[in-house]
Amino acid sequence: MRFSKLLKIGLALAVMLVLTACSSEGESTKNKDKNEVNLAYVEWDTEIASTNVVGQVLEDLGYDVTLTPLDNGIMWEALAKGEVDGMVSAWLPQTHAPQVKKYKDKIDDLGENLAGAKIGLVVPSYMDVNSIEDLTDEAGKTITGIDPGANMTATTENAYKEYKNLEGWNVVTSSAGAMTAALTQAIAKNEEIIVTGWSPHWKFNAFDLKYLDDPKGIYGTEEYIGTFARNGLKEDDPEAYSVLKNFHWTPEDIERVMFDIMKGDDPKEAAKKWIKDNEDKVSEWTKDVK
């Protein structure tokens with residue numbers, strides 16, 4: 001009887017150990033899958049700043065985070081195909097409206113993460129021009145743009161259809177970095193320059209600039225920056241999804257990160273610095289993470 005009782009206890013312990021091992025293995029596999037997040041972004045200063053901050057927050061929570069820079073059109077396509085998990089780089093309601101319309105059934109709209117954004121043509125304040133309609137032959141009839149895949153670039157290239165005074169003007173495309181470099185060089189020489197600009201952006205902190213009035217409204221009115229996720233992320237990883245959905249900050253927040261990067265900080269280090277100084281705000285983003 002005593003041996004039988006010991007045998008039963010031993011078998012019970014063995015079963016418990018096996019179940020515990022299986023549970024641990026399953027949990028380990030689950031965590032491994034859960035802890036991988038791929039965020040896409042366009043290499044615009046705003047998106048470099050915001051994506052690095054969100055990525056760092058997820059990394060601090062234990063996620064294995066990949067930040068993938070892509071051309072604007074490819075970013076939306078990758079999200080729709082589920083090749084990336086999310087992005088915080090959507091300019092709406094106008095700039096990225098064509099992409100949202102095209103992929104709306106294949107992507108998950110998590111809403112606004114920053115209000116008060118704006119796009120348009122920007123010039124140094126010393127230039128004697130205040131409206132797009134005022135342009136004649138300034139800057140050699142050249143507008144310095146950003147990447148060819150940006151919706152703002154397409155709008156600018158077709159601006160002559162609404163503003164007849166822009167007939168024969170040229171839009172030079174390159175990158176956001178090349179645009180700000182050209183702006184910096186022109187201002188240093190007090191030269192004329194017209195760029196495709198947006199705010200929030202560190203250039204408005206660094207230089208005295210102004211938007212040209214846009215009476216025909218081709219660049220829209222005030223915009224916001226939004227967050228999107230791939231379909232299925234909410235079910236696959238509700239905690240990462242909640243961080244993306246809870247992510248909200250202000251133009252002042254993002255401009256601080258952008259300005260630190262402009263001064264030479266590595267984007268990841270600039271993100272860490274901002275996070276350290278804004279723990280209360282970050283805790284709101286991560287409040288649903290256990």
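Keep in mind that the model is predicted. A search of the whole structure turns up 11 salt bridges, and a few of them get a closer look below. There are also two cis peptide bonds to find, one between Leu92 and Pro93 and one between Ser199 and Pro200.

- Start with helix H2, which runs over residues 45-60. Its 16 residues span 23 Å from the first C-alpha to the last, close to the 22 Å you'd expect at 1.5 Å a residue.
- H2 is largely enclosed by the rest of the structure, because 14 of its 16 residues are buried.
- Just past the end of H2 sits Gly62, with a positive phi of about 105°.
- Helix H9 (residues 238-246) is mostly covered too, with seven of its nine residues buried. Among them are Glu239, Tyr241 and Asn246, along with Ala240, Ser242, Val243 and Leu244.

**Salt bridges to look for**

- Glu77 pairs with Lys81, and their closest N and O atoms are 2.9 Å apart. Glu77 has 32% relative accessibility, so it counts as partly exposed. Lys81 comes in at 54%, which puts it over the 50% cut-off, so it counts as exposed.
- Arg230 and Asp85 make another salt bridge, this time with 2.7 Å between the closest N and O atoms. This pair links distant parts of the chain: Arg230 is in strand E9 (residues 223-230), while Asp85 is in the loop between helix H3 (72-80) and strand E3 (86-92), 145 residues apart. Both Arg230 and Asp85 are buried.
- Asp277 bridges to Arg256, with the closest N and O atoms 2.4 Å apart. Asp277 belongs to helix H11 (residues 267-277) and Arg256 to helix H10 (residues 251-262), so this pair ties together parts that are 21 residues apart in sequence. Asp277 counts as partly exposed because its relative accessibility is 45%, and Arg256, at 36%, counts as partly exposed as well.
- Some salt bridges share partners: Asp260, Lys263, Asp265 and Lys273 are joined into one network that way.

- Asp128, Glu133, Asp134 and Asp213 form a negative surface patch.
- One of these, Asp134, is in the loop between strand E4 (107-124) and strand E5 (142-144). Its relative accessibility is 40%, so Asp134 counts as partly exposed.

- The cis bond joining Leu92 and Pro93 has an omega of about 10°. You'll find Pro93 in the loop between E3 and helix H4 (97-103).
- The cis bond from Ser199 to Pro200 has an omega near 10°. Pro200 is in the loop between strand E7 (195-199) and helix H7 (203-206).
- Ala139 isn't a glycine, yet its phi is positive, near 55°. Look for Ala139 in the loop between E4 and E5.
- Asn190 is another residue other than glycine with a positive phi, near 60°. Asn190 lies in the loop between helix H6 (176-188) and E7, and it counts as exposed because its relative accessibility is 52%.

Conventions:
Residues are numbered from 1 along each chain as its sequence is written. This is a predicted model: local features need pLDDT of at least 70, side-chain atom pairs count only at pLDDT 80 or more; totals for chains, interfaces and linings use all residues. Side-chain values use heavy atoms; hydrogens and water are left out. Buried means under 20% relative accessible area, exposed over 50%, partly exposed in between (1.4 Å probe, protein chains only). Helices (H or I, at least four residues) and strands (E, at least two) are DSSP runs, numbered from the N terminus. The expected span of a helix is 1.5 Å times one less than its number of residues. Patches are made of residues with over 30% relative accessible area and no salt bridge: like charges are joined within 9 Å, nonpolar side chains (Val, Leu, Ile, Met, Phe, Trp, Tyr) within 5 Å. Accessible areas come from the Shrake-Rupley method with a 1.4 Å probe; for residues, only the protein chains shown count as cover. A salt bridge is a side-chain nitrogen of Lys or Arg within 4 Å of a carboxyl oxygen of Asp or Glu. Lys and Arg count as positive and Asp and Glu as negative; His and the chain ends are not counted. The place of a charge is taken as NZ of Lys, CZ of Arg, CG of Asp or CD of Glu.
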